[in-house]
Amino acid sequence: MKKTLWIVLAVLILLIGGSYLYFNTSPSSFAEEAGNSTKKVDVVDDSGFLMFTPLNQEVKESVIFYPGAFIDPLSYAPMAKGLANAGYKVYIADMPLNLAVFGQNKAADIINTHTEEHFVIGGHSLGGAMAARFAHDNMGDLDGIFFLASYADEKGTLAKAPFSALSITATKDGVLNWDTYEKNKKYLPENTTFASIKGGNHAQFGAYGKQNGDNDATISVAEQTNQTVTALKTWLALVVK
């Protein structure tokens with residue numbers, strides 16, 4: 001029995017290690033620049049989260065974000081900075097092994113220690129699926145959920161959720177399983193808004209360069225980030241009461 005467990009563990013380590021080498025990415029200079037504090041936004045890397053806090057304005061809503069698989073949290077700094085500039089506090093989770101599947105309940109760390117704040121949750125790719133699973137188990141703690149090139153699965157069904165959702169995809173995405181995405185729309189809240197970014201791809205929902213299996217985007221990462229932030233701000237304005 002012990003030998004079998006060791007074999008399974010060894011195989012798991014090899015799979016994760018191989019996937020890390022194949023899929024691992026690094027934040028671009030565009031992301032690194034956005035990760036710096038400014039007069040309008042304070043950026044702090046602490047307690048397992050990269051936090052973007054609006055300065056000199058009231059926080060409208062707090063956003064918890066789960067990164068995609070093997071993606072550094074800093075890669076989402078441009079999106080987070082855009083939301084923080086508009087008055088939304090953003091927490092980007094630093095996941096164990098950069099895999100949200102091992103940190104599904106990470107949002108609880110923020111929610112339980114910032115009881116005065118109101119939260120939405122979201123994620124990119126695998127991060128979105130794990131955010132949905134957290135939301136499924138904690139509906140009363142959230143005001144909404146959003147997906148970037150992602151979807152909920154049966155374990156994270158939100159079909160009966162009392163809040164709204166936003167689903168953003170990109171037309172050049174070569175990584176998203178489009179068949180599963182369409183099939184799994186049944187797991188989304190009744191009040192779900194769908195948005196599509198023409199010419200965008202999977203990787204440019206973050207800022208980490210080319211991703212294996214993805215298609216080339218026909219718009220810049222800055223433009224895709226701008227359209228993503230605009231869609232999020234429009235949705236968040238409806239979420240905030």
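Predicted model: local features only at pLDDT ≥ 70, side-chain atom pairs only at ≥ 80, totals over all residues.

Colleague: Which residue is the bridge partner of V63 in β4?

Modeller: V63 has V90 as its bridge partner there.

Colleague: OK, helices. Which strands does α3 lie across?

Modeller: Helix α3 (residues 77-85) lies across β1, β2, β3, β4 and β6, and runs at about 160° to β4. Helix α5 (residues 126-137) also packs on the sheet, where it touches β3, β5 and β6. The direction of α5 makes about 145° with that of β5.

Colleague: Switching topic: what's the strand order in the sheet?

Modeller: β1-β2-β4-β3-β5-β6-β7-β8, an open sheet of eight strands with mixed pairing. β1 and β8 each have a single partner strand, so one side of each has no neighbour in the sheet. On average, neighbouring strands are turned by 15° against each other, direction ignored.

Colleague: And β7, is that strand mostly covered or open?

Modeller: Mostly covered: seven of the seven residues in β7 (164-170) are buried. On one side those are S164, L166, I168 and A170, and on the other A165, S167 and T169.

Colleague: How does β7 pair with β8?

Modeller: In the parallel sense, over six bridges. One of the partners is S196 in β8, bridged to T169. The chain gets from β7 to β8 through helix α6 (residues 178-183), in a right-handed β-α-β crossover.

Definitions and conventions
Residues numbered from 1 in each chain as written. Heavy atoms only, no water. Buried < 20%, exposed > 50% of the residue type's maximum accessible area, 1.4 Å probe, protein only. Helix = DSSP H or I, 4+ residues; strand = E, 2+ residues; numbered from the N terminus. Pairing = 2+ DSSP bridges. Right-handed = clockwise from strand over helix to strand, strands pointing away. Axes fitted to C-alpha atoms, helices over the stretch in contact; angles between N-to-C directions. Contact = heavy atoms within 4.5 Å.
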